[in-house]
Amino acid sequence: MPLTFYWYPNCGTCKKAKKWLDEAGVDYQSVHIVEETPSESQLKELIDQSGLPARKFFNTSGKKYRELNMKEKLNDASEQEMIQWLASDGMLIKRPIVTDGEKATVGFKEDRFQEVWGS
């Protein structure tokens with residue numbers, strides 16, 4: 001079964017991750033994270049698979065994050081509120097997200113990709 005690769009084509013980090021997957025010969029299906037933003041239930045699943053807190057799924061360097069003053073909002077937010085915000089706008093989500101249905105990675109670090117997705 002191919003991996004699911006949530007990405008934003010204009011994102012430099014996503015392009016690096018895609019190049020890594022292509023060069024490693026990894027089979028994946030790409031999903032445009034803004035055009036096909038994961039639902040709340042999909043996000044909850046991805047968060048659980050990653051083992052990371054929901055807060056780590058926010059694109060903290062993004063324009064939307066700053067415009068919506070998310071840094072302040074996240075201090076008192078529940079996981080459910082965070083998931084609702086993430087599901088409301090794909091630009092708030094840190095990317096890329098890669099999953100095989102059991103585990104998930106967020107962002108791109110070559111050594112982490114090698115560890116999790118390398119053969």
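Predicted model: local features only at pLDDT ≥ 70, side-chain atom pairs only at ≥ 80, totals over all residues.

Modeller: Residues are numbered from 1 along each chain as its sequence is written, and side-chain values use heavy atoms, with hydrogens and water left out.

Biologist: What makes up the secondary structure of the protein chain?

Modeller: Six helices and four strands. Helices (H or I, at least four residues) and strands (E, at least two) are DSSP runs, numbered from the N terminus. From that end the elements run β-α-β-α-α-α-α-β-β-α.

Biologist: Why is the protein chain called as compact as a globular protein of its length?

Modeller: The radius of gyration, taken over C-alpha atoms, is compared with the globule rule, 2.2 Å times the number of residues to the power 0.38. The chain has a radius of 14 Å, close to the 14 Å that the rule gives for 119 residues, so the description applies. Along its principal axes the C-alpha trace spans about 40 × 25 × 25 Å.

Biologist: Why is Ile-83 called buried?

Modeller: Buried means under 20% relative accessible area, exposed over 50%, and partly exposed in between (1.4 Å probe, protein chains only). Ile-83 has 1% relative accessibility, so it counts as buried. Of the 119 residues of the protein chain, 43% count as buried.

Biologist: Which residues does Ile-83 touch, not counting residues up to four places away in sequence?

Modeller: Contact means heavy atoms within 4.5 Å. On that basis Ile-83, found in helix H5 (residues 79-88), touches Glu-40, Leu-43, Lys-44 and Ile-47. Ile-83 and Gln-42 are 41 residues apart in sequence, with 9.6 Å between their C-alpha atoms.

Biologist: What joins the side chains of Thr-99 and Gln-49?

Modeller: A polar contact of 2.6 Å. The term covers a pair of N or O atoms within 3.5 Å; within protein, one must be able to donate a hydrogen and the other to accept it, and residues adjacent in sequence count only if both atoms are side-chain atoms. A polar atom of the Thr-99 side chain also lies 3.0 Å from the backbone oxygen of Lys-103. Thr-99 belongs to strand E3 (residues 97-99) and is buried, with a relative accessible area of 7%.

Biologist: What makes the pair of Phe-108 and Phe-113 edge-to-face?

Modeller: Rings of Phe, Tyr and Trp (its six-membered ring) pair if their centres lie within 6.5 Å; planes under 30 degrees apart count as stacked, over 60 as edge-to-face and the rest as tilted. The structure holds five aromatic pairs. For Phe-108 and Phe-113 the values are 4.7 Å centre to centre and 85° between the planes, which is edge-to-face. Phe-108 and Phe-113 are both buried.
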